[in-house]
Amino acid sequence: MVQRREVLKLAFGALAGAVGVDARADGGAPAPTSFPLGPPAPFDPAMVTDMARGLAKQPYKALPADLPEAFKSLTYDQYVAIHLRPGATLWANDNIGFALEPLHRGFIFSTPMQINLVADGEARRLTYDAALFDFGKLARPASLGDIGFSGFRVLAPVEQGGFFELAAFQGASFFRAVGQGQEPGTMARALAIRTADPRGEEFPAIRSVWIERPTLAADTLVIYAIIDSESVTGAYRFTLRPGEATLIDTECTLFARATLDNYGIAAMSATHLSGTIDRTRIDDLRPNVSEIDGLQMLTGKGEWLWRPVSNPTTLQTSTFIDENPRGFGFLERDRNFDDYQDDDQHWENRPSLWIEPIGDWSFGGVQLVEIPTESDVNDNIVAYWRPKQPLSAGAEISFAYRQFWCKLPPAHPPFAAVVLSRSGRGWSAKHRRFLVEFAGEIFGQAKADELKPNLSVSPGSIVFVRTFLSADQATYRVLFEIDPGGENFSELRLVIEAQGKPVSETWIYRWTP
């Protein structure tokens, strides 16, 4: 698994220098302050779809990843020291609501991404110019030529002046965004192919992007993109809307070169080293090391599911079968610094990412992949929608969805929600004990005998169940112990009922030793 967390986190780092400051490339003549642009060419959004469709009919050709010798073996520290010179940020002085920073190639980001700027129906390719970058302690090679870019960063203005990093697109088809005042965390992916599949994972790459020049009044940024890989091409349109929650509307059409029987839409990945349900596995002074608490799902039938994530000892894949899902995503519910105790990472300030499908997605399932890790630099938790029907070679299919990068998504359970999940040894080493705490207004009003925990365990058996109602705290805690019966896993399901009807979301979990 590529250890990309720290690099991409710094791709969202603070702007290097002040916008609009004159810079000199070599202590002599002033350095240029804008990137050269190629000749204009007519642009229409339909062209992107046509190009992706045509590309799928051709044999796959990998993007050239060759780099000048000076950038082939950069260390992490050397790479993150490369940044734009002051004044080179695109659109920074144009008062149009956004600015752009092209990102240099090097380190693990060797694959080029062609960047085109669109205005008045014309597209012009952005051309690399080494004079616009500060290379830190690295000596800038002479005669680099146009080596292109590895991606780009989207900036949005702040009231106090300057910009903050709203989003970044860099590395294969990965991208991420933040809401106001948040630290970068969960990462999205345009498309996942064969994740955790014995045949090996395939990583489509964003080959080209076309970024429309925005207007201040619209307060939206539209990005068109083509992704490409051995098995598929895709035409994408991303519409970014900053705010307290950052919204990214995503529309895509996929064109299969080969049959796709395992692909994921609206894919996301995040770091989870340890949490309240699995903290004993990792020896770390921090109570919790995780940028998400769990996976929230709203099924097509309207059931709310909450699945705490874990760092297992072996690879785990779970599929939650559904039809026309209404939403799913990684949430960070615990926003209390005391529960993380990390002054550098601030896990409590990472964004939740909620996916709201647009239109019917038919049959399939939300697939959750949990990958063992010993380090907090790995994005070891992955989730996406996996369609049931394979995409045959030569076929095409379209999807649309809205991403909410936020503290809490606008859609939430209309009743009690899980606020705590704990696990530990039972009365014997063969048993496991769990504590699940729900919070909701109903628990401030209901009587204990009116509430019932509906718990199921398979395989295995329930040893005991106890409940604790706190009207003052409006919480309901369920303590239970299971006997897996010698099995190496057990699927648990718990919902609180009153008069035979659910009054809480459904807590689900897979126990593994």
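How many helices and strands does the protein have, and where does Asp376 lie?

Mentor: This is a predicted model, in which local features need pLDDT of at least 70, side-chain atom pairs count only at pLDDT 80 or more, and totals for chains, interfaces and linings use all residues. Residues are numbered from 1 along each chain as its sequence is written, and side-chain values use heavy atoms, with hydrogens and water left out.

The protein has 4 helices and 34 strands; these are DSSP runs numbered from the N terminus, with helices being H or I of at least four residues and strands E of at least two. Asp376 sits in the loop that runs between β24 (363-370) and β25 (381-387). Asp376 counts as buried because its relative accessibility is 14%, where buried means under 20% relative accessible area, exposed over 50% and partly exposed in between, with a 1.4 Å probe and protein chains only. The side chain of Asp376 makes a polar contact of 3.1 Å with the side chain of Arg286. A polar contact is a pair of N or O atoms within 3.5 Å; within protein, one must be able to donate a hydrogen and the other to accept it, and residues adjacent in sequence count only if both atoms are side-chain atoms.

Of the contacts in the protein with a separation of 6 or more, 70% are between residues 24 or more positions apart, a contact being heavy atoms within 4.5 Å. The C-alpha atoms fill a box of roughly 80 × 50 × 45 Å along the principal axes.
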